[in-house]
Amino acid sequence: MTPWQLLPHPWKDAVGLLSPFQSESLEEMRFRVGRPVMLYGNHWVEELTGPQIPRTVSRGECERILDILVEHSLYAHLDELRQGYVTLPGGHRMGIAGRAVLAQNEIQTITDISGLNIRIARDVVGAAQDMYHRLTHLGLAHGSLLLAAPPRAGKTTIIRDYVRVLSNDGLRVVVVDERDEISGQAPGDNGYDLGLHTDVLQRWPKAEGIHAAVRTLGPDVVVVDELGTQNDLEAVRFAQHAGVRVAATIHASHREDLLVNPWLKPLLDEGVFTAVIFLSRRQGPATVEDIWDTGAVVAL
Amino acid sequence: MRFVGALLLVVSTILLSRQAGRPFRTRVRALEQWQGFFDHLAPLIGFRQMPLLQAFETACRPYPMVAPAVRRLKEVLGTGQLSFEEGFSQVIGEVAHLWSEDRTILIDLGYVLGKSDKSYQEHHLEALKPEVQRLLKRAREDGIKHARLIETLGAVAGIGLAIIMV
């Protein structure tokens, strides 16, 4: 199910009237208070028009859309909302712009919603094939991997397919899926096919999830999306020291971006990651730009 | 023949008066069931953090007077046209067994359900309890006072008419 199908009328109907090319390549839909609704595809941008579509979006409309997309249950999504997003059924993500309500310097919730950014999650079977073949050719396929890319470059799409490849090769894979984006699981929906030997720790914080996976689920590989904090990186080191491979993604465009990260640099120096794969959108999402062999010894 | 006619008259007036007193008793039963429903709902929202409609469906299972309203709510919200408070308000307005003041309190709850942290949700449901208990107490008193009065008056009138007939 696409995230557009979850939208209320008249937005859902208007998306249904798009041309087949636009429907297939539509990646994002942005609602901004006082502005028209904009559609973003791969190398195209267009205003959403259609019967009953207002020229601009009101705050009330944004709040109604949010209410419907969170199934009228904001309390069940507050942990996500505090980080500025909500994961929708199918692993799609909705970013939320608004006024943060703080208590003791911590974000409690977001009010006065001023913008919504709904982004589709795509399950592309074979997306990781090119990367996997190149890693195999370089002798790096059996080590820990870090996929680095700027936002919207297809990190999650490629790591989801990579999970499927590893799992169907007979490896025991545990996905620590803090945002349900890799698995796309939701109540009543088993999500994407992640292969025969994959377990999913749904909504676990990354660091706790990695520790739990290593201690209790006996994985060959642990997979996490969007490493960010020192705790996450420490947990990766813990897994590596426990003899478990890690495949993770991180926001970065170049080697320099990674090397200025004070928590990541020691891990790269220690050889925790065998290879870093840089992705871009140059030839569409999940284009493999470069594979950096960090020189770490691969344990076969 | 007259005796049979008089007997039928007494029986029918008693039945009619019981019918007239029924809304008082039904209101009590309905309020008791809504109260039980909200008691069941609180942990489903607070502890299990179920989506609201799923929590409603689970919580209403033991309450046959609440279940049709929940089914209707699911139908109304399934259209994707209405926000929760709009849908809830519409459905509560359609519930036959509740009285106007009962509906007002439930509709007020609809404005806050689902819209805040689980602890606030539990707080709202907790705050509803004394309100429903107050309504329930009054409904029971009304039931005793009015329903019994109507039934007694009906029975007395029936017996009186029967005596005149005989």
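User: How many nonpolar, polar and charged residues are in the lining of the largest cavity?
Analyst: This is a predicted model, in which local features need pLDDT of at least 70, side-chain atom pairs count only at pLDDT 80 or more, and totals for chains, interfaces and linings use all residues. Residues are numbered from 1 along each chain as its sequence is written, chains are lettered from A and ligands numbered from 1 in the order written, and side-chain values use heavy atoms, without hydrogens and water. Ala, Val, Leu, Ile, Met, Phe, Trp, Tyr, Cys and Pro count as nonpolar, Asp, Glu, Lys and Arg as charged, and the others, Gly among them, as polar. The largest cavity's lining, which includes Val176(A), Arg93(A) and Lys206(A), has 1 nonpolar, no polar and 8 charged residues.

User: What volume does the second largest cavity have?
Analyst: A cavity is a set of points on a 1 Å grid over the protein atoms alone where a 1.4 Å probe fits but cannot get out; lining residues have an atom within 4 Å of a point. Points are joined across faces, edges and corners, and volume is the space filled by probe spheres set on them. For the second largest cavity this gives about 40 Å³.

User: Which elements give two or more residues to the lining of the second largest cavity?
Analyst: Among its lining residues are Trp34(B), Phe56(B), Leu73(B) and Phe88(B), and the lining divides into 8 nonpolar, no polar and no charged. Helices are DSSP runs (H or I, at least four residues), numbered from the N terminus. The elements are α3 (67–78) and α4 (84–94) of chain B.

Terms used
On a 1 Å grid over the protein atoms alone, a cavity is a set of points where a 1.4 Å probe fits but cannot get out, and a pocket is an open set with protein on both sides within 12 Å along at least five of seven lines; lining residues have an atom within 4 Å of a point.
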